[in-house]
Amino acid sequence: METSSSGPATTSSQPQTPVPPKPAPAALLWSLMQGFRGQYALAIAALLVFTAINYLIPLVGSATIDFALTSGVLPGVTTAAKVAPEAELSALLVSWMGGPELVRAHLWLPALVMVGLTVLAGLFSYLKGRFAAQASDGIVRRLKDRLYDHLQRLPTKYHDHAETGDLIQRCTSDVETLRLAISTQVVDISNAILLLLTALPVMLLLDGRMTAISFVLVVPIVLFGYIYVGRVKHLFREVDEAEGQVTRVVQENLTGLRVVRAFARQGFEIDKFAKPNRLYRDRSLRLLRLMAWYWSTSDFIVLIQQGIVLIAGAWFISQGTLSVGTLFAFIMFLNMLLWPVRQMGRTLTDLGKATVALNRMGEILSEPEESKPNPAGVHPEPFKGGIEARDLVFDHDGKSAALNGISFTVCPGETLAILGPSGSGKSTIMHLLLRLYDYRSGSIHLDGQELTTLDRQWVRSQFSVVMQEPFLFSKTIGENIRLGRDGAAKEEIQEAARLADIHDTINTFSADYGTLVGERGVTLSGGQRQRVALARALLRETPVLLLDDALSAVDAETEATILDALRSRHGQRTTLVIAHRLSTLAHADRVIVLDKGLIIQEGRPVDLLKQEGLYRRLWTIQNAAQEEILEDERLAAAAPAASAAPTPTPFSASR
Ligand SMILES: Nc1ncnc2c1ncn2[C@@H]1O[C@H](COP(=O)(O)OP(=O)(O)OP(=O)(O)O)[C@@H](O)[C@H]1O
């Protein structure tokens, strides 16, 4: 094995994934609708039938009034009016119901027909809603899957900078906004347009003058809605952003609850929350005010429109140029038409909101995934665990380099320890090995194969890792360990736990391996968490084991037991150990000492002890501290038993 440190290398081997263009909201929606378009077509078909039935209901009412109740001739209405097409239509409908005589004798008949038609309309309305809901739920499920899947594949760098609260909001409330839009509003707007387009010819057939009067204020209503949408659009984005800020603060606060309490920062946190919360309230209020203004004004216009039709109709009837039935039909048509038209402003607004949501989700989906491996790269099979790093250079932010060109080699089965001050780049080496980040230049070879040409999933499947801050899922201890290897038998889980010296502790818990560990493992102590994470890694049985300060929270005795267990398996897998405690590193085959991203010392632990340098300095400091404690204990034991003075603690005695 050899190690060396040299200056930055020049080779850059990082494949770049081209940034895909951000999809337009409509294009994104269209692609998501694939496979559900048929259901939407059925929803539209049901809507068409629903609309047709809705036209029939006022026409039946109108025909009954004009023919069945007045023998086809209304007082004051000229014969000419009766030969008009609408009269023929009414006559036809009455004859379908059995003729004027029968209808007149049995008035419940047209009532029954109208009720029957209403029930039928309800049935088609249900079918319309059902098909639309089925399609939209399918689309939303697909979108959530796609978002979640994409988030899993985004580079670690993206997650370093993304705000979790904001991402959660995009994957939940933004998706919900879209679901509402495509399940109801798309159908609503189709309904309104369809009604407008089809009502016009039917109304014209009934009475041209009344049609013109009925539409007098429709144009202003539509214009008004258009202006409103223009003004309200940007407000939606602002409200959405403010909501995101609120979510972010809550999420951060709940994650760091213990720190907040330990530092008695609740007051500060409450104040911190008040600011985005106020902003959200102010923006929502502005939005609500605008909406209230729109609703009240448009309601006023709609009522005026109905009033105008009523007055004009009454005038035409008094002049003998309009039948009561036709006025009845117009009033019903207006009711059918005006409310959806007025609703259009709101529907368009909600659609605007959905467009904003779709845009925000499109932003995530257009983020480039982790770069794909070079197709020519063939991974070593089987991988024996040989690692060779050459002139490795890496920086997180393009400014200060975390690694400045380091080289080392680990042969299969060897244990390499990495030591160095905080921030010297130790964890970075592990992150690069796991391909969490791609290095800027230099190379890493696994059994001679360049890392960046290998599939990330394959690379990660070759390593077992215990991270510096072990993360446990809110599951049972057994399930957390089994994450290391799906399908592992109970005995294998227990064996891994024994190796990590946590088996006996687990057995003292109320439900032993079935004990729930709480979110992020909060119900366990730091050392227990680390040992469960270690058991998880040991269960994995991969060619390489990475331990990043994995025993820092474990007491010295337990640490010694674990290290003994690991040593008994020495040679079975390559191991890289990061630690600040030299006792953890003492049995490594080799140690590299890092400082500011450079290797400043390297060699066997015993050789490093003989050299002047950081390793020996740390050894001296750590041993001196230990010696001091032992000396304190010796002095305390030697103190006269009869002394009335309290027994000095190791920290208070003779300093
Ligand atoms: N996600 C990140 N974004 C930006 N800079 C980072 C990030 N992670 C680490 N760094 C920086 O990279 C450098 C090396 O960090 P690294 O975590 O490798 O240090 P370390 O030697 O493992 O330290 P410690 O012993 O404290 O764990 C540090 O200067 C750190 O500030």
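At what angle do helix H1 and helix H14 pack? In this predicted model, the angle between H1 (residues 25-32) and H14 (residues 324-365) is about 80°, and their axes lie 9 Å apart. Angles of 65 to 115 degrees count as roughly perpendicular. H1 and H14 are therefore roughly perpendicular to each other. H1 contributes Pro 25, Leu 28 and Leu 29 to the contact. From H14 come Thr 355, Leu 358, Asn 359 and Gly 362. By class, four residues of this contact are nonpolar and three are polar. No charged residue takes part in the contact of H1 with H14.

Strand E2 (residues 387-395) pairs with E3 in the antiparallel sense. Seven bridges join E2 and E3. Five residues lie between E2 and E3 in the hairpin. In the turn, Gly 398 has a positive phi of about 85°. Strand E3 (residues 401-410) is mostly covered, with nine of its 10 residues buried.

The model also contains an open sheet of six strands. Its order is E7-E8-E9-E4-E10-E11, and the pairing is mixed. Strand E7 (463-466) and strand E11 (598-603) are the edge strands, and each pairs on one side only. From one strand to the next, the twist averages 15°. Within the sheet, strand E8 (residues 544-548) and strand E9 (residues 574-578) run parallel and are joined by five bridges. Leu 546 stands opposite Leu 576 of E9.

Helices pack on this sheet. H15 touches strand E4 (415-419), E7, E8, E9 and strand E10 (590-595). The direction of H15 makes about 145° with that of E8. Helix H20 (residues 526-540) lies across E7 and E8. H20 runs at about 175° to E7. Angles over 145 degrees count as roughly antiparallel.

H15 also belongs to the ligand site. The ligand is surrounded by 13 residues. The closest are His 396, Ser 422, Lys 426, Ser 427 and Thr 428. Helix H15 (residues 426-433) gives the most to this shell, with three residues. By class, the shell has nine polar, three charged and one nonpolar residue.

How values were computed. Residues numbered from 1 in each chain as written. Predicted model: local features only at pLDDT ≥ 70, side-chain atom pairs only at ≥ 80, totals over all residues. Axes fitted to C-alpha atoms, helices over the stretch in contact; angles between N-to-C directions. Helix = DSSP H or I, 4+ residues; strand = E, 2+ residues; numbered from the N terminus. Parallel < 35°, antiparallel > 145°, perpendicular 65-115°, else oblique. Contact = placed C-beta atoms within 7 Å. Nonpolar A, V, L, I, M, F, W, Y, C, P; charged D, E, K, R; others polar. Near = placed C-beta within 6 Å. Buried ≥ 20, exposed ≤ 12 C-beta atoms within 10 Å, placed from the backbone. Pairing = 2+ DSSP bridges.
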